[in-house]
Amino acid sequence: MATPNPDEIEDDAARGAGTVRARLVRTLSRPRTALGVTMGPGTVWIAGLLVAPLVFMLAVSFTTTNLTDYNIIWEPTLARFRELLGGSVDAGLLDGGSVVLLEVGSFQLRATAFEKAILLSYAIATVTTLLCLALAFPLAYLLARRSGPLVKATIFLMLLPFFTMYLVRAYSWVLMFGSKGVINSALGAVGVGPLEVFNYGVPATIVGLTHAYYPYMLLTLYASMDGLDFSLVEAARDLGASRIDVIRDQIIPLTMPGIVGGSLFVFVPSVGAFITPQILGQGKVQMVGILIERWVYESRLSLASAGSMFVVVSIVAAMVLAFRYVELDELGGA
Amino acid sequence: MLQDDNGTGSGVSTGNGRSRGRRIDRRTYLAGAGAAGLAAAAGCTGNGGGGGTTINILTWEEFREMEENIEETLDVSINIEASASSSTMFQRWNQGADEEFDVVVPNNNLVPRFLESELIAPVDTNAVTNYGGIYDKFQQFVDQQFTRDGNAYGVPIRWGWYGYSYDTRSVPEHDPSYQVVFEDDYVDADLSGNIVMYDEANKTMPVAALYLAEARDDPSYREALEGEEMTFSEEQINEMQDLLVEQKSRLQGYISKDPRFISGFTQGNFLVGHSGRNETIEMRTSGEDWVEFVVPQEGAMAWYETAVVSAASDDTEAAWEVVNEFIAPENGAALARAGFSPSCNPDVADQLTEEQNELYGRISPERLEEFIPLKDIADDVEREYSNAWNNVKAA
């Protein structure tokens, strides 16, 4: 048998490789293939891990769970939604239930545990978002106007909590709050405490959530303000606008995408918060995530699914409202 | 056959028709692959510690303390997976883990669910030779809660009970009563905002029932706790809910995990806490001698963990032999020391020191009469019961 020339083998290999590469480039150049390669994995991922579970959850929300063996009975029913809303779907929200929502003199507004939990969650998430916004806005403005090592150090310090586990951050507040916590002990030492507001409960939960989600707001606002043309601010000031006028008429409208984006990043996870209210609410603050988790623990999966669907739909509605004011691609930058 | 030999199917060939060394026929390959697979599976299931039989157990962390001794005694391999919740144990088994595990050790109130779902096998009385040694009271509980057609389906392993503990530095001595957690003026101390309750319906709702039974001189609340399951009426559930809602403003909070109870109590965040006895013993063992645990005059709920064996187990006899070891004196003592909870076998006390016996080892059989075992709520009021607790938490 004749021995092949090594150079010929290399040439053949190079031609072969060139052919394969050319064929690959041609294949990938086709629009459908390019679309499949770029969007395919993401689509499969979203379909398998987001859409499919959501569809399953939606289906389960219209079923009943057998409370003896915890199996799902696959017969369509609206009973779980009735249970959420106080007995009757037709009655709608806040038209029944065993929990006092509001009491003024002899007037009482009653709700179901779920209705109260979801309203409480929205209230806590709203306050948390406003607090994050109020605290992050001035700092983001300052960081956008200044540059240098101080800015970098500040951003690093703001991100520092991210380097610790969320659970650890929540637990760090346990020592601060409580009747014998650091805050009340310090207040007691100077003769003004202990104060109820620094016990575990809603205020402690809001502080914990604000601490947890503040960086999301700060970074989004900073990204938005960093692209701001500050000569407009100076022009407005030259033309006689007060500082308040400039903030109201120039800065806020120009940074609105950042405000909306940051608010979404804080509001959405705050509504479904579970760990922080569990730890800092000391079991007395029943946000919707905690209620749904208990239903799962009790294996009332149909009710938990119905409650979750309610939360998903309400959050999507809030996002649709938000996107009336900003475009998706504007979030995070002006 | 030729096709496989040439490498298009089996994967042992190089793919170009040339074998890499000795040719392997399909039969040899399959046998080898099967052996390798079995070896790998055995590795995954943890085989290799003791003898040829492996018993997979889903149970509480402290059970690991007995693992080595049981393996030596029975010449079996034990593979323990820890769980922190009886409900989770049931859910997993109900979703197919009964094929994976031979033994599970849930709290007694969950055993009827395992039984109703036909997941467990009757006790092999020939294998569980220590069964006759456990307290008579627990044998009665077994008869009451999970015996069907004359067959018992579980073996009580260890137990404990709930009452309340208080900080003796701030709360004066008093007659033990749940009034302390429901009434403002029961003791001469300001307890508002200084009380915690368990964050679990099945532990806190019965406290309300026991209190109402005494406060209203209405024994029906207690009677509802004493059957095979809790049989409260809807009206009673509403009364319990109202009581707990009214109590809520006096609470510092609800606590779900023992470590949080201990850290909160030690930190001084509350003065009175609805608790299990073992948490208090753990605190006293750590030097916190200011904490006092009492059993209220209204009565107390008790828990006991119960070992059951899967009906799908390949070796139920070996599984029951392992369960038998859980209540053997030496192993039971190791478990008691790890969890500060007494064994259901009183002979275990002989293996403990005098101090350990005083804290959690030796319990007079008469004391057992004070306790009511935890149990599930009756099916017909389960939603009402669960909703009542949700309402309490939402109030």
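Reader: What makes you describe helix α11(A) as enclosed or open to the outside?

Author: Because 13 of the 16 residues of α11(A) are buried, this helix is largely enclosed by the rest of the structure. A residue is called buried if 20 or more other C-beta atoms lie within 10 Å of its own, exposed if 12 or fewer, and partly exposed in between, with C-beta atoms placed from the backbone. This is a predicted model, in which local features need pLDDT of at least 70, side-chain atom pairs count only at pLDDT 80 or more, and totals for chains, interfaces and linings use all residues. Residues are numbered from 1 along each chain as its sequence is written, while chains are lettered from A and ligands numbered from 1 in the order in which they are written.

Reader: What makes it a helix, and how does its span compare with the expected one?

Author: Helices are DSSP runs (H or I, at least four residues), strands are runs of E with at least two, and both are numbered from the N terminus. Helix α11 of chain A covers residues 256-271, which is 16 residues. The expected span is 1.5 Å times one less than the number of residues. From first C-alpha to last, α11 of chain A reaches 22 Å, close to the 22 Å expected.

Reader: Let's turn to chain B. Why is α12(B) said to be largely enclosed?

Author: In helix α12 (residues 277-285) of chain B, 7 of the 9 residues are buried, so the rest of the structure largely encloses it. Those residues are R277(B), N278(B), E279(B), T280(B), I281(B), E282(B) and M283(B). Their cover includes β7 (155-167), α11 (258-267), β10 (272-276), β11 (291-294), α14 (329-339) and α15 (354-361) of chain B. After α12(B) comes G287(B), with a positive phi near 100°.

Reader: How do you know whether W60(B) is buried or exposed?

Author: W60(B) has 22 other C-beta atoms within 10 Å, so it counts as buried. This tryptophan lies in the loop between β1 (53-59) and α3 (64-74) of chain B. Beyond its neighbours within four places in sequence, W60(B) is in contact (C-beta atoms, placed from the backbone, within 7 Å) with A82(B) and V105(B). S83(B) is 23 residues away from W60(B) in sequence, yet their C-alpha atoms are 5.4 Å apart.

Reader: And what makes β1(B) and β2(B) a pair?

Author: Two strands pair if DSSP finds at least two bridges between them. Here 7 bridges join β1(B) to strand β2 (residues 76-82) of chain B, and the two run parallel. T54(B), for instance, stands opposite S77(B) in β2(B). β1(B) is also mostly covered, with 6 of its 7 residues buried.

Reader: Why does D376(B) count as buried?

Author: D376(B) has 20 C-beta neighbours inside 10 Å, so it counts as buried. D376(B) sits in the loop between β13 (371-373) and α17 (382-394) of chain B. Apart from neighbours within four places in sequence, D376(B) is in contact with N109(B), P112(B), E229(B) and M230(B). R113(B) is 263 residues away from D376(B) along the chain, and their C-alpha atoms are separated by 9.1 Å.

Reader: What does chain B as a whole contain?

Author: Chain B has 17 helices and 13 strands. Of its 395 residues, 47% count as buried. Among contacts in chain B with a separation of 6 or more, 70% are between residues 24 or more positions apart.

Reader: How do you know which parts of chain B have a pLDDT under 50?

Author: pLDDT is the predictor's confidence in each residue, from 0 to 100. For chain B the mean is 85, and 87% of the residues reach 70 or more. However, pLDDT stays under 50 over residues 1-24 of chain B, and again over residues 36-49 of chain B. Where pLDDT is low, the predicted coordinates should not be read in detail. The model as a whole scores ipTM 0.73 and pTM 0.75.

Reader: How many residues of each chain are in contact with the other chain?

Author: 23 residues of chain A are in contact with 27 residues of chain B. On the chain A side, α4 (113-145) and α13 (288-297) each supply at least two residues, and α4(A) gives the largest share, 3 residues. That side divides into 8 nonpolar, 9 polar and 6 charged residues. Ala, Val, Leu, Ile, Met, Phe, Trp, Tyr, Cys and Pro count as nonpolar, Asp, Glu, Lys and Arg as charged, and the others, Gly among them, as polar.

Note on methods
Two residues are in contact if their C-beta atoms, placed from the backbone, lie within 7 Å.
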